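Dear colleague,

I am passing this structure on to you, and I would be grateful if you could look it over before reading my notes.

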Amino acid sequence: MASEEVNVVAIMYPKPGKHDELSSHISELTRQVHATEPDTLVYYAFSIKDGNEIMVVERYRDQDALHMHLLSPHFQEFGSKAAGLMERPYDVKVGHGILPSSVGVTRVQS
């Protein structure tokens, strides 16, 4: 039986005046993920309009891929840098698979 894909949404709460610095660290983390984690299928971030939240959307081939991401040196380094920039610990939502008939169009341009 194949392992099920894992979806993650991390919600980060930058301290006032720290949004840009935290965003810069997320951008560097994203570059590292794309360069070194072939089983990370989707990884991108966006800001909520008022700048009080940053969402990171992630999709992994399986639980092992997520585990490898969490243990990676670049993720550990990000955690060290980001901790002092956030108002509170980030929230993480994890789900498996995709709801039946909910697959739509995906067009990502950078």
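**The second largest pocket**

The second largest pocket is lined by 14 residues, and those nearest its centre are Glu 58, Leu 70, Phe 75, Tyr 90 and Val 92. Two or more lining residues come from each of strand 1, strand 3, helix 2, helix 3 and strand 4 (86–96), where helices (H or I, at least four residues) and strands (E, at least two) are DSSP runs numbered from the N terminus. The volume of this pocket is about 150 Å³. A pocket here is an open set of points on a 1 Å grid over the protein atoms alone, where a 1.4 Å probe fits, with protein on both sides within 12 Å along at least five of seven lines, and lining residues have an atom within 4 Å of a point. Grid points are joined across faces, edges and corners, and the volume is the space filled by probe spheres set on the points.

Please keep in mind that this is a predicted model, in which local features need pLDDT of at least 70 and side-chain atom pairs count only at pLDDT 80 or more, while totals for chains, interfaces and linings use all residues. Residues are numbered from 1 along each chain as its sequence is written, and side-chain values use heavy atoms, with hydrogens and water left out.

**The nonpolar core**

The largest nonpolar core has 19 residues, and Met 12, Leu 22, Ile 26, Tyr 60 and Phe 78 are those with the most contacts inside it. At least two residues of this core are supplied by each of strand 1 (6–14), helix 1, strand 3 (54–60), helix 2 (63–71) and helix 3. Such a core is a set of buried Ala, Val, Leu, Ile, Met, Phe, Trp, Tyr and Cys residues joined through side-chain atoms within 4.5 Å; buried means under 20% relative accessible area, exposed over 50%, and partly exposed in between (1.4 Å probe, protein chains only). Not counting residues up to four places away in sequence, Ile 26 touches Met 12, Ala 45, Ile 54, Val 56 and Phe 78, a contact being heavy atoms within 4.5 Å.

Arg 59 lies in strand 3 and counts as buried, because its relative accessibility is 13%. Its side chain makes a polar contact with the side chain of Asn 7 at 2.4 Å (a pair of N or O atoms within 3.5 Å; within protein, one must be able to donate a hydrogen and the other to accept it, and residues adjacent in sequence count only if both atoms are side-chain atoms). Glu 37, in the loop between helix 1 (19–36) and strand 2 (40–47), is also buried, at 11% relative accessibility. Leaving aside neighbours within four places in sequence, Glu 37 is in contact with Gln 32, Tyr 60, His 69, Ser 72 and His 74.

**Salt bridges**

With a salt bridge taken as a side-chain nitrogen of Lys or Arg within 4 Å of a carboxyl oxygen of Asp or Glu, the count comes to 6. One of them joins Glu 28 and Arg 31 (2.9 Å, N to O), which are 3 residues apart in helix 1 and so separated by about one helical turn. Another joins Glu 77 and Lys 81 (2.8 Å, N to O), both in helix 3 (residues 73–83). Glu 77 is partly exposed at 43% relative accessibility, and Lys 81 is partly exposed at 39%.

With best wishes
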